Amino acid sequence: DIGIEGKQHSLSCVPFDGNVVCTLNNLPGDLPRPWQSLTPRERDVLELLAEGETNGAIAASLEISESTVRTHVEKMLAKLEVRNRAALVASGFRLGYII
């Protein structure tokens, strides 16, 4: 177990295809605060962001406009108090929105 930002996390690493893949998992008690609650659609967008999809690909996959995708991303950035998409995905993993 390791501590990051005052919270406890578990780091797990496994060898895979000549590389080492690590995951940082939140431990019980590291839950989103009420204002960090994401809507089901925001979670859909976040999962596709984590897969590396572009706004256009996310829009096509979810059958919504790119403008709507941008709005969801902007709202999630504010809710999770991060500045960019990479930090958004990292926070999504840390808070358990992405498995």
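Visitor: Which residues have the most contacts inside the largest nonpolar core?

Guide: Happy to start there, keeping in mind that this is a predicted model. The largest nonpolar core holds 19 residues. Two or more of its residues come from each of helix H1 (40-50), helix H2 (55-62), helix H3 (66-79) and helix H4 (85-94). Those with the most contacts inside this core are Val45, Leu46, Leu49, Ile58, Val73, Met76 and Leu88.

Visitor: Leaving aside neighbours within four places in sequence, what is Val73 in contact with?

Guide: Val73 is listed with the residues that have the most contacts inside the core. In general, nonpolar side chains tend to be buried together in soluble globular proteins. Once neighbours within four places in sequence are set aside, the contacts of Val73 are Val45, Leu49, Arg85 and Leu88.

Visitor: Which residues in H2 do Arg41, Asp44, Val45, Leu48 and Leu49 in H1 meet?

Guide: The crossing of these two helices, H1 and H2, is right-handed. On the H1 side, Arg41, Asp44, Val45, Leu48 and Leu49 take part. Their partners in H2 are Ile58, Ser61 and Leu62.

Visitor: Does Ser91 count as buried or exposed?

Guide: Ser91 lies in helix H4. Not counting residues up to four places away in sequence, Ser91 touches Leu80 and Val82. Its relative accessibility is 7%, and the cut-off for burial is under 20%, so Ser91 counts as buried.

Visitor: How far apart in space are Glu81 and Ser91, C-alpha to C-alpha?

Guide: Glu81 is found in the loop between H3 and H4, and Glu81 is exposed, with a relative accessible area of 58%. In sequence, Glu81 and Ser91 are 10 residues apart. In space, C-alpha to C-alpha, the separation of Glu81 and Ser91 is 9.1 Å.

Visitor: What is the phi of Glu63?

Guide: Glu63 lies in the loop between H2 and H3, and counts as exposed at 72% relative accessibility. Most residues other than glycine have a negative phi. Glu81 has a positive phi near 55°, and the phi of Glu63, also positive, is near 55°.

Visitor: What percentage of the residues in the chain is buried?

Guide: Let's finish with the whole chain. Its accessible surface comes to about 6,400 Å², with 54% of that belonging to carbon and sulfur atoms. Among contacts with a separation of 6 or more, residues 24 or more positions apart account for 45%. Of the 99 residues in the chain, the buried share is 29%.

Notes:
Residues numbered from 1 in each chain as written. Predicted model: local features only at pLDDT ≥ 70, side-chain atom pairs only at ≥ 80, totals over all residues. Heavy atoms only, no water. Core = buried A, V, L, I, M, F, W, Y, C linked by side-chain atoms within 4.5 Å. Buried < 20%, exposed > 50% of the residue type's maximum accessible area, 1.4 Å probe, protein only. Helix = DSSP H or I, 4+ residues; strand = E, 2+ residues; numbered from the N terminus. Contact = heavy atoms within 4.5 Å. Areas by Shrake-Rupley, 256 points an atom, 1.4 Å probe, with all protein chains shown as cover. Left-handed = near helix turned anticlockwise from the far one by under 90°.
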